[in-house]
Protein chains: 2
Amino acid sequence: MPSFKGYFETKNLDPFTLEKAYEALKFERSTIGYYDLPDSSIDLCADVKSSLLSSTVFFNTIAVVGIGGSSLGIKAIDRMLRSSTPHAKKIIYFENSDPISIAYECSRIEFAKTLFVVISKSGGTVETLSIFKYLISRFEMDLKDSNQVVVISDEASVLSQFADNYGLKRFIIPSNVGGRFSVLSAVGVVPLVLAGFNVEDVLEGAKQFADNFWNRKEEHLLQKAAFYVSNAKTSPVNVLFSYSDTFEEFGKWVVQLWGESLGKRNARGERVGLTPISLIGSVDQHSFLQLIIEGPLNKTVTFMHIEHSRDELMIPNLSLPFLEKSDFVNGESFNTLINAQCQATMESVLQSGVSVDDITWSCIDESSVGQMIMYYELLTSAAGALLEINTYDQPGVEHGKKILEGFFSHKQ
Amino acid sequence: MPSFKGYFETKNLDPFTLEKAYEALKFERSTIGYYDLPDSSIDLCADVKSSLLSSTVFFNTIAVVGIGGSSLGIKAIDRMLRSSTPHAKKIIYFENSDPISIAYECSRIEFAKTLFVVISKSGGTVETLSIFKYLISRFEMDLKDSNQVVVISDEASVLSQFADNYGLKRFIIPSNVGGRFSVLSAVGVVPLVLAGFNVEDVLEGAKQFADNFWNRKEEHLLQKAAFYVSNAKTSPVNVLFSYSDTFEEFGKWVVQLWGESLGKRNARGERVGLTPISLIGSVDQHSFLQLIIEGPLNKTVTFMHIEHSRDELMIPNLSLPFLEKSDFVNGESFNTLINAQCQATMESVLQSGVSVDDITWSCIDESSVGQMIMYYELLTSAAGALLEINTYDQPGVEHGKKILEGFFSHKQ
């Protein structure tokens, strides 16, 4: 299981601040739905298996039609667990209204073998519905009682009504679970179970972390949230520096969770928020690291790495003429190298005066994935409580949607 | 060709500042090599074609072994021009010391049909050399006079000496061209020409933009650099919001260029720099936009979009029961939708008080790609000149490399 180590100063944090955050989250539990998903979704896994697994067994591809909270979490889990779940069905994603991407993904589809999972919390997402219409038209889909389309949406949404109208199988996103907190709801559970991932263990890991948190065994989380919020003015940028390519989509999921939840006007109308950046090591040592080390001291950095890799690839004991200077890693595994790079970079970042913490995964397995999802969700909620904002809405993006509709209003 | 429109206030900028930046760049031309690459690399294209094209024609895959400045630019051009160059050979990338990625890329290789291009400016990059050794060992490569390995490095590097020792074909990165400014040198030219991309037109576009800049026809670039630098304290974060998935790698290339060039200690030892963030629209409207609109006003945003797409995918005139609210885009192209989303988001970001500029590509073609590469390189140089730093070094990352070697010193 992941372990957490903070190198920033916490002794100046007001203990009352930590209590305040904890109590706020405890209070939220009666209204905010994501806290209880690890429990309630266990039944959902069973339901998906009993109701859908046999009728979808001949599909070899799952096409997720969704964007933002309706795709990022699925992609994150898919990517992290893919190499240890080689038998899992291929999942492809229709997200962006980019015609080049839509055309490309369509070219990868064998229609008869593809199950379409259409996901939108509100039921009105313009990208998702437009792409869905395109797919219906392109593949001449007959929707009536089709077992090739599954819908995931809010119970009361127009998309749910649409699904019922056609007799499509559908699942509910609880109305008190926001899109970016929904990965452990039907949003993630349905496509990932159907693809063949072991979602139960992901949920179990999430539940375990949440239980520990409620039992005050993960106080580092509250300390980190309090540290970030109390330093928001001087360190407005929070970097997650993950040492494995398989964390790329997880990083994007964290960016959405952190950015969209915390970038808000507070009760006094003041603009608050923290800017997330996701980096991948060692690649971004060759890109962004210089700015962290010598640029303005306006960032915190969380290093994340995997102690044990499943792939024990070795750097051979091969000394090449003129290249002997690189022989110092000969005979080591690539996993040892990348972890040493993480450690060396962390030390040099620390020495440059940046606030650092370190998350060590012992390995990438389902339980760790679930724990880390719950960790970041709780961290976000705690930071939001301390910023005194509504962590769960996104009022700032509505205006642009109105402007967009205005552009096309001549048609109505 | 791309057009540029700034919505930020430039009338308070000191005209002397713009002159200072222009003169600094003009002065640099005698020592900094990237300015003249569009000219000198035209001959290189011809050289690559005459010396290598016939002996490599039966390879169907090019494996680039390189990281940072030795891969990001190639990936950016590859991605942007791929859909309009469908006959181009597949390029795969060995970058990270991540064992899962290395194993995965190896599984995609048909060895006999793969040309390996090993790229390192210094010749000592630990990831690149370790992966190269792994590939030699795994595929039992016979290096002597091999036509399956091409090396690109500094003339004086150990990697160049290694190549000569084995009689390998090699190309030079001019010593006065830094890695992150090297995409138009042999670094980008060799693999992209061999893959079948029209690199000449990329170079021609870059040359055209540079000529215009030197002839004072692109003053907006100096204005933007001056605006960013003079607002670095209040807006330390510069966002590039690109409305097409095909800009994803270009965004990463910009992040390296901007972050690593400008994050420095200046002559007075002060930490300066600007933090780059790359976003993709419309996807990140569902992720990061809320923070821009309602979070702290510490960001600038550059919107980038493509006026004409090659894929004229249409949203069908299909009205689905209960989903009629989304019919307002029926009969429009996805390209119209994504551009309207860009425009609507830009308006709402502008209205929220954020400094915005807009880059419109009429289409994605070779010339535009070259122009935009040169635009961002010149913009970076101008900002660096105004920050009074050395734009072209990266002293901050050396310490971590020393620590890394220390970890393995028991072996030496």
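Figure 1. A:Ser282 sits in the loop that runs between β10 (275–280) and α11 (289–294) of chain A. Helices (H or I, at least four residues) and strands (E, at least two) are DSSP runs, numbered from the N terminus. The peptide bond from A:Gly281 to A:Ser282 is cis, with omega near -5°. In chain B, a cis peptide bond links B:Gly281 and B:Ser282, and omega is about 0°. B:Ser282 belongs to the loop between β10 (275–280) and α11 (289–294) of chain B. The model is predicted: local features need pLDDT of at least 70, side-chain atom pairs count only at pLDDT 80 or more, and totals for chains, interfaces and linings use all residues. Residues are numbered from 1 along each chain as its sequence is written, while chains are lettered from A and ligands numbered from 1 in the order in which they are written.

**Figure 2. The interface between chains A and B.** In all, 96 residues of chain B are in contact with 96 residues of chain A. Contact means that C-beta atoms, placed from the backbone, lie within 7 Å. Helix α12 (residues 334–351) of chain B supplies the largest share of the chain B side, ten residues. By class, that side has 44 nonpolar, 37 polar and 15 charged residues. Ala, Val, Leu, Ile, Met, Phe, Trp, Tyr, Cys and Pro count as nonpolar; Asp, Glu, Lys and Arg as charged; the others, Gly among them, as polar. The copies meet through the same surface, because 100% of the interface residues of chain B are also interface residues in chain A.

**Figure 3. A parallel sheet in chain B.** Five strands form an open sheet in the order β3-β2-β4-β5-β6 (chain B), with parallel pairing. Strands pair if DSSP finds at least two bridges between them. β3 (90–94) and β6 (169–173) of chain B stand at the edges with a single partner strand each, so one side of each lacks a neighbour in the sheet. The twist averages 20° from one strand to the next. Five bridges join β2 (residues 61–65) to β4 (residues 114–120) of chain B. B:Ile62 stands opposite B:Leu115 in β4(B). Helix α6 (residues 158–166) of chain B packs on the sheet, touching β4, β5 (149–154) and β6 of chain B; its direction makes about 145° with that of β5(B). Axes are lines fitted to C-alpha atoms, for helices over the stretch in contact, and angles run from 0 to 180 degrees between N-to-C directions.

Figure 4. Ten of the 13 residues of α5(B) are buried. Buried means 20 or more other C-beta atoms within 10 Å, exposed 12 or fewer, and partly exposed in between, with C-beta atoms placed from the backbone. The buried residues include B:Phe132 and B:Tyr134. Their cover includes α12 (334–351) of chain A, together with β2, β3, α4 (99–107) and β4 of chain B. Just after α5(B), B:Glu140 takes a positive phi of about 50°. B:Glu140 is exposed, with 7 other C-beta atoms within 10 Å.

How values were computed: Two residues are in contact if their C-beta atoms, placed from the backbone, lie within 7 Å.
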